Amino acid sequence: MQLDFVNRELTIKLVYYGPALSGKTTNLQALHDAAEPGASGRLMTLETKDDRTLFFDLLPLTFRNQGSLAVRLKVFTVPGQVIHSSTRRLVVQGADGIAFIADSRASETQHNAESFMDLRENLKQHGLTLKQMPLIIQFNKRDLPEVRSEAEIAADAAKGREPVYLAVAMRGIGVVESFVGLLHLTWSALDAEHDLNRKFGFNAPAFLEQVAQKLGSKKPVSEILGACVGGALDVLRPEAE
Amino acid sequence: MMAVTTPEHSLDDLTLGHAVALEDLVSRAALEEMAKSFSALFHVPLRIFAEDGKLLADAADQIALYTYLNASKSGRAALQDVVSAVKSIDPGGEEAVYQSCVTGGGYRIAAIQYDGRRIGRMVLGPFIEPTVTEPAASLLNIDPELSKVELYTLFQSMPRVLDSEVVGLARHLARTLDLILFSGHRALLTSNMHLASVRESFRELEDKNDKLQAAYDRLKELDRLKSNFLATVSHELRTPLTSIIGYSEMLAEGLAGELTGEQREFVQTIRDKGEQLLQLIKGLLDLSKLESGTMSLKKAQTDVRAMLRDVSQTLTPSARKKGVELVVDLENGLPMLWADSERLRQVFLNLTENAIKFTPNGGSITLSAKLTSMDAAHQDDSDGMVLLGARRTAVEFRVADTGIGIPANERERVFDAFYQVDSSSTREAGGTGLGLSIVRRLIDGHDGTIRIEDNVPKGSVFVVTVPVKRATIS
């Protein structure tokens, strides 16, 4: 997080993490497509010749709250390929919140787990733990055959702390829900630490509502947040209501 | 606020903060080139400024009217006022802001924005709407000393563009610049990420190197301890073994009473095996001495011919037993070598013994020696020979067999202690794998070299080259 008092601007860094080809870039593209003109900047992809993300994607989103505090959201992806470990570590540095994009296929379970361990290791290198980090998990590619069943995911998710979302990023399904859920968790954590709502007269629920609207969602925020299975959004919900 | 970006900027500075400056995203020369081409195409003077006011691109030719006005004091002052007014304009949104000029023309000033932030300004003008044909009164009245006719004429040569067109041009330019800046930013981020990744990988490698170095140091220390242990143990083993051999000898000689044939045979076996064990322990001891560098060579003038004949005599019985022919082929006029004759003899005993061991019945072994020069033997090391020293004469020894041969990729490793090409051959041929490592070290001790060549049509040749030191030592 970076706060510019002079221009009353807050920049929040959100990182989409996950194994190679789980759909991180697709999530950002879907967000970019969903966003109203003016709310989103160009999606920047730092890629290799063979079209795999080498460094990261960067999607800038800007929202201005009633309290005249502009919030800039910078959404990053990390390269999923195992060899880009040092790059992942660089990108994840300074993240305020993380969306972990998992591949729903049962065959990818091992890769998801490995990538998650890698995330934990990389956070550790920055002196952070997963517990401190606002985190949501998205099970992407729900439309493919031989995916882990919803019941199975829900059962596992109920045991965990992180809100879990189901998505088909290629068709934009579940993308905004995951993003709003992540933003909600991240804002709550930043507010708890920096007392932003009080200092800037910031209306967090209205802000989330605005973000959701500008991302083309017509549902009320409570419904968007409720789209998750399991996890502990509840803990933070009283504040959002 | 607009610090110049260097690679030292962290990724967060470049993506989250305010460190991105116009100059970092585009080359100044390229920006000026673009501005000039734009200006020439649309007939509007154009200047591009960084956010801190620095002029980055100037595509505005000196206008004759302004040159004329600048010559007069009040003309200059009036133009100064216009410049200050243009500078103080704060273009906020998309639309270019108009600023009139004392000449009756005007300027359009627009913001250059990137990622929602202003990072520079563009100033288009001065220009005059084509419909305006008469100079403004303000121009004619600046200074009574200026020629009205001249002012009138120069006014006509001012750039003429519709204001609405300039507004459109400014918008178009802003969009073009945005695209250029986006590409520039992308390139900047890519190169910064490259640098950061390389630095990060370098740090990782350094970490690993440190760990490897520590492990290597530890292994070296362990190796030293092993050599010490080997030396101590070999020494301690030798003492009781000497007694065992001594007493079994005495028994065999009947000093403790007459032995039956079978008893004598058993005692003889004990003695033979004891001797075998003693040779092995001596080998270990030699190796540990050589490894620790504590073996001293007793060098003296050595007769090569005598030494090789002795080797051949010693080994002829075992060669004959195996049905292998042992030939000695010595060149005439071999010089005396400055060497430890006992150790050198050990070298050739070992090599020849090996050769017998690995040569099948009916094969042959040739022991030869000839005079050569050291640099000729060292083809690979001949660089800078003229600087490094005179040719050294040397004796080249060859032990050639017709045995199983040694594959090329094994030829370096056979000199490692305890290494054997094929460990299954040990059972058949015997040996501890110590011999050649001792041989290599002994030859090193004589400044010599050893290598393995193919023997034609089969077998291998061990080529030992030992330099003949000038016999200056009496």
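This is a predicted model: local features need pLDDT of at least 70, side-chain atom pairs count only at pLDDT 80 or more; totals for chains, interfaces and linings use all residues.

Colleague: OK, start with chain A. How many helices and strands are there?

Modeller: Chain A has nine helices and eight strands. Of its 241 residues, 47% count as buried.

Colleague: And what share of the contacts in chain A with a separation of 6 or more comes from residues 24 or more positions apart?

Modeller: That share is 72% in chain A.

Colleague: Switching to chain B. What's the strand order in the open sheet of five strands?

Modeller: The order is S2-S1-S5-S4-S3 in chain B, and the pairing is antiparallel.

Colleague: Why do S2 and S3 of chain B each have one side without a neighbour in the sheet?

Modeller: Strand S2 (55-59) and strand S3 (97-100) of chain B are at the edges with a single partner strand each, so one side of each has no neighbour in the sheet. Ignoring direction, neighbouring strands of this sheet are turned by 20° against each other on average.

Colleague: Let's zoom in on S1 of chain B. How many bridges link S1 and S5?

Modeller: Strand S1 (residues 46-50) and strand S5 (residues 117-127) of chain B pair in the antiparallel sense over five bridges. Arg47(B) stands opposite Val123(B) in S5(B).

Colleague: And how many bridges between S1(B) and S2(B)?

Modeller: Four bridges, again in the antiparallel sense. Leu46(B) has Ala59(B) in S2(B) as its bridge partner. S1(B) and S2(B) form a hairpin with four residues between them, and Gly53(B) in the turn has a positive phi of about 95°.

Colleague: Nice. Back to chain A: at what angle do H5 and H7 cross?

Modeller: Helix H5 (residues 175-194) and helix H7 (residues 204-214) of chain A cross at roughly 155°, and their axes come within 11 Å. H5(A) and H7(A) are therefore roughly antiparallel to each other. The crossing is right-handed.

Colleague: Which residues meet there?

Modeller: On H5(A) they include Val176(A), Leu183(A) and Trp187(A), and on H7(A) they include Leu208(A) and Val211(A). By class, the residues of this contact split into eight nonpolar, one polar and one charged.

Colleague: What about H11 and H15 in chain B, right-handed or left-handed?

Modeller: H11(B) passes H15(B) in a left-handed crossing. The axes of helix H11 (residues 341-358) and helix H15 (residues 435-445) of chain B come within 10 Å and cross at roughly 145°.

Colleague: And which residues make that contact?

Modeller: Among them are Arg343(B), Val347(B) and Leu351(B) in H11(B), along with Val439(B) and Leu442(B) in H15(B). The contact of H11(B) with H15(B) has five nonpolar, four polar and one charged residues.

Terms used: Residues are numbered from 1 along each chain as its sequence is written. Chains are lettered from A and ligands numbered from 1 in the order in which they are written. Helices (H or I, at least four residues) and strands (E, at least two) are DSSP runs, numbered from the N terminus. A residue is buried if 20 or more other C-beta atoms lie within 10 Å of its own, exposed if 12 or fewer, and partly exposed in between; C-beta atoms are placed from the backbone. Two residues are in contact if their C-beta atoms, placed from the backbone, lie within 7 Å. Two strands pair if DSSP finds at least two bridges between them. Axes are lines fitted to C-alpha atoms, for helices over the stretch in contact, and angles run from 0 to 180 degrees between N-to-C directions. Angles under 35 degrees count as roughly parallel, over 145 as roughly antiparallel, 65 to 115 as roughly perpendicular and the rest as oblique. A crossing is left-handed if the near helix is turned anticlockwise from the far one by less than a right angle, and right-handed if clockwise. Ala, Val, Leu, Ile, Met, Phe, Trp, Tyr, Cys and Pro count as nonpolar, Asp, Glu, Lys and Arg as charged, and the others, Gly among them, as polar.
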